[in-house]
Amino acid sequence: MPLLATQALSSVLNTIGPSTVINYLQFACGEGIGPLQDADLDPLVGLEHVAQLVKTETADCAPPPVDSSKPASDKVVESFSQNLEALSVEEQVRNSQSGSVRGEGFPVEKENPAELLSPESDDRSSLMDETGSDLSFSYGAVSDKIGEACVCWLARWGADMLACEQQAAGAPKQATSSTSISTPSIGRQSALSGWEPFNSDVVPTPLPKVPFIWRRGGLTAIWVRALISSNLLFVRGEKERYELAKAVVELRRSAGVLEDEEVEWVKMFSEGIYYANMSFEDLVQVSHDRSPTTGRPYVPERVIQAAHWTQSMLRYRIVGLPPSSPPSSPTGTSRHKALGIAVSQKDIKEALSHPGSDEEDRVYWTVPGPSSMRMGDGGGVENATMDELFGLSSVSPKNRTPGRSSMSVSNFFGLETDRCSATECASGMDSARWVPYPPYRFAVEFWDVDSLREKSHLYSQTIWYAGSLFNVFVQMFRKKSQGPQLGVYLHRQSSVDPIPPFSVPYGTEPPLDDKSNNPRTPPSPSPLTHLSTFTTQYSPSGLPIIPSPRSTTPVHGSPSSSSHSGSTLPATGPPVIPSQPYRDPRAQVSAYFAISCISATGSSATQFTSNPDDFSISQSWGWRSSSLRTQVCGDDDKLADPSSVPPSSADVSSMRVTVIVGIV
């Protein structure tokens with residue numbers, strides 16, 4: 001029996017896609033698999049002629065006429081069988097609501113779906129807009145694992161599915177020239193999820209049936225808010241997250257304005273988007289935005305003003321405060337690497353004890369500890385017993401297996417962010433630390449990673465945060481004892497060295513007319529980055545982190561002398577320098593970060609988290625593992641040849657990574 005349950009779980013995890021993700025997530029939330037769909041009773045592909053399809057009429061409970069040519073005993077048996085077939089599922093549900101289920105000893109408590117969907121209720125188990133019954137089902141760890149896989153898929157493909165749903169609903173796309181919902185690489189789409197968005201220039205007749213995900217009939221408003229607010233959602237930056245939220249809200253409002261949903265939209269726009277990490281120009285634009293449906297602003301003015309104040313205070317803490325000692329050099333080495341903005345529970349409780357304090361209205365973000373976990377994969381359940389498979393999921397994190405996730409429907413299977421009020425921090429863990437500034441969230445995409453040469457770097461776009469430049473790069477390793485490994489690293493980019501070119505789809509180059517950036521192309525072309533071996537270094541925090549090879553001075557083949565190319569594998573586009581309102585003068589900064597790598601199909605994710613580490617200029621910290629390479633490149637043990645024939649658009653895939661970084 002455990003083997004059969006494990007195989008069933010594996011089948012579910014391997015079939016998550018646009019047409020199944022909502023039903024599977026509904027099942028994980030305890031609401032069953034949902035009503036029958038049009039194709040649920042169709043014969044299996046390839047087995048259409050094995051059996052004869054017989055349709056039965058069950059609308060009338062009265063038995064059909066008795067055949068007088070059959071013996072009396074046969075007539076009684078046939079009549080009894082027909083009566084049993086005539087009983088409908090709805091009748092059984094009605095009977096279960098009026099009394100207990102007989103013969104099973106399984107208590108069923110009646111719940112009101114209206115209460116689950118009300119704004120006063122914070123029950124995350126309610127997923128669908130309409131439920132077929134009041135029954136609730138929970139399968140413990142199995143439900144949690146399916147829920148994790150579903151949210152991973154939604155985080156990777158959610159923004160891509162929105163355009164399809166907008167076209168299916170006839171809703172106009174958001175006309176924003178400054179941003180796009182996804183990354184700038186749109187040249188080649190991955191077909192690994194089983195869904196290919198149709199070309200907007202060629203409208204098929206009739207339109208394909210687009211699953212309900214963002215529209216009503218898919219996710220409820222509270223789940224939409226959780227997904228858009230999540231750190232795991234694949235959107236390029238905070239402005240793109242805001243544009244995505246606007247598009248989803250207007251798509252829902254096009255079918256009518258519901259007060260219950262409006263409550264969630266207010267909370268999403270007020271708390272789920274970190275406006276402090278937007279530029280001042282973006283804040284001005286957001287303040288002018290009005291909904292074409294309601295005529296009201298999306299974001300309250302007080303939220304935008306608070307965001308401007310927050311980013312101004314952070315700038316003052318970085319460049320405005322005097323150094324702790326007279327500077328001995330212009331490199332900023334006299335400044336302390338930590339800003340001293342992290343607070344403990346004792347500090348928060350003391351601030352709350354002061355009468356007339358506004359500490360209750362202050363929000364904080366948790367400084368994470370070191371961890372690594374997998375979400376959504378079926379590993380670790382092969383030899384599990386029935387009690388372990390279907391046991392209660394309310395097990396304390398300290399009793400769980402290291403490296404495994406502790407997600408459940410109570411925290412949206414891991415989508416919930418670490419944002420909390422001062423009161424919540426005061427009642428949390430004594431050893432935790434918090435910061436009053438939100439972390440910077442961004443997403444990167446790497447194409448044709450399997451074509452990357454050993455020890456070569458493939459970079460993402462470069463972002464600016466808190467006076468420093470950061471980017472992410474991947475690197476391939478091969479050791480006889482460990483086999484091929486893939487590493488992913490967060491890199492503090494030097495503002496003096498040239499910005500490295502970033503990964504783009506083969507044969508395409510991103511546009512160069514971005515108003516917020518100034519493109520700069522390195523003067524001399526050279527092969528893809530290839531660095532010599534450096535001594536392995538270790539994190540002062542004690543993490544099992546493997547730092548990347550690095551050099552503080554340019555060397556031949558380093559990122560400072562690399563060139564872009566859209567015609568070789570892996571392809572890179574021209575480097576783009578982000579705007580830098582100010583620069584952090586410190587030679588070292590202390591920052592925590594988390595890197596989440598979503599699998600190619602989107603049904604699982606690997607998340608690495610680090611507590612604050614020291615980032616010198618041109619220094620990198622990250623992880624490498626064999627499982628990460630398998631997750632991205634497949635099970636093939638051979639590295640692809642970059643000079644080989646480029647893959648077609650049908651079999652290409654990308655590595656999507658979401659990153660958060662926050663200074664302390």
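Strand 16 (residues 605-616) is largely enclosed by the rest of the structure, because eleven of its twelve residues are buried. This holds for a predicted model. Two strands pair with strand 16. Ten bridges join it to strand 15, and the two run antiparallel. In this pairing, Ile-598 stands opposite Ala-605 of strand 16. Strand 3 (residues 371-375) also pairs with strand 16 in the antiparallel sense, over five bridges. Here Ser-372 faces Phe-608 of strand 16 as its opposite residue.

Strands 15 and 16 form a hairpin, with six residues between them. Gly-602 in the turn has a positive phi of about 90 degrees. Ser-604 lies in the loop between the two strands. Its relative accessible area is 9%, so Ser-604 counts as buried. Leaving aside residues up to four places away in sequence, Ser-604 touches residues that include Cys-152, Arg-374, Met-375, Asp-377 and Gln-631. Cys-597, Ile-598 and Ser-599 are also among the contacts of Ser-604.

The protein chain has 664 residues, of which 47% count as buried. Its secondary structure comprises 15 helices and 18 strands. Among contacts between residues at least 6 apart in sequence, 78% join residues at least 24 apart. The accessible surface of the chain comes to about 33200 Å². Carbon and sulfur atoms account for 54% of that surface.

Aromatic residues were examined next. The structure holds 16 aromatic pairs. In one of them, the rings of Trp-223 and Phe-413 have their centres 6.1 Å apart. Their planes stand at 35 degrees, so the pair is tilted. The pair links distant parts of the chain, 190 residues apart. Trp-223 belongs to helix 7 (residues 221-229). Phe-413 lies in the loop between helix 13 (386-390) and strand 4 (419-421). Both Trp-223 and Phe-413 are buried.

A second pair involves Phe-593 and Trp-623, whose ring centres are 5.4 Å apart. The planes of these rings stand at 55 degrees, so this pair is tilted. Phe-593 lies in strand 15 (residues 588-598) and Trp-623 in strand 17 (residues 620-625), so the pair ties together parts that are 30 residues apart in sequence. Phe-593 and Trp-623 are both buried. Ring pairs also join Phe-593 and Trp-623 with Phe-470, Phe-608 and Phe-615 in a cluster.

Arginines sit over two further rings. Arg-215 lies over the face of Phe-212, at 3.9 Å from the ring centre. Arg-624 places its charged end over the ring of Phe-477, 4.2 Å from the centre of that ring.

Four strands form an open sheet with the order 1-5-2-4 and antiparallel pairing. Strand 1 (343-344) and strand 4 stand at the edges. Each has a single partner strand, so one side of each is left without a neighbour in the sheet. Three bridges join strand 2 (residues 363-366) to strand 4, and the two run antiparallel. Within this pairing, Trp-365 stands opposite Arg-419 of strand 4.

Cysteines were checked for disulfides. With a cut-off of 2.5 Å between cysteine sulfur atoms, the count comes to zero. For Cys-29, the closest cysteine sulfur is that of Cys-150, at 8.5 Å, too far for a bond. Cys-29 is buried, with a relative accessible area of 7%. For Cys-152, the closest cysteine sulfur is again in Cys-150, at 9.2 Å, too far for a bond. Cys-152 is at 0% relative accessibility and therefore counts as buried.

Notes:
Residues are numbered from 1 along each chain as its sequence is written. This is a predicted model: local features need pLDDT of at least 70, side-chain atom pairs count only at pLDDT 80 or more; totals for chains, interfaces and linings use all residues. Side-chain values use heavy atoms; hydrogens and water are left out. Buried means under 20% relative accessible area, exposed over 50%, partly exposed in between (1.4 Å probe, protein chains only). Contact means heavy atoms within 4.5 Å. Accessible areas come from the Shrake-Rupley method with a 1.4 Å probe; for residues, only the protein chains shown count as cover. Rings of Phe, Tyr and Trp (its six-membered ring) pair if their centres lie within 6.5 Å; planes under 30 degrees apart count as stacked, over 60 as edge-to-face and the rest as tilted. A charge sits over a ring if NZ of Lys or CZ of Arg is within 6 Å of the ring centre and within 35 degrees of the ring normal. Two strands pair if DSSP finds at least two bridges between them.
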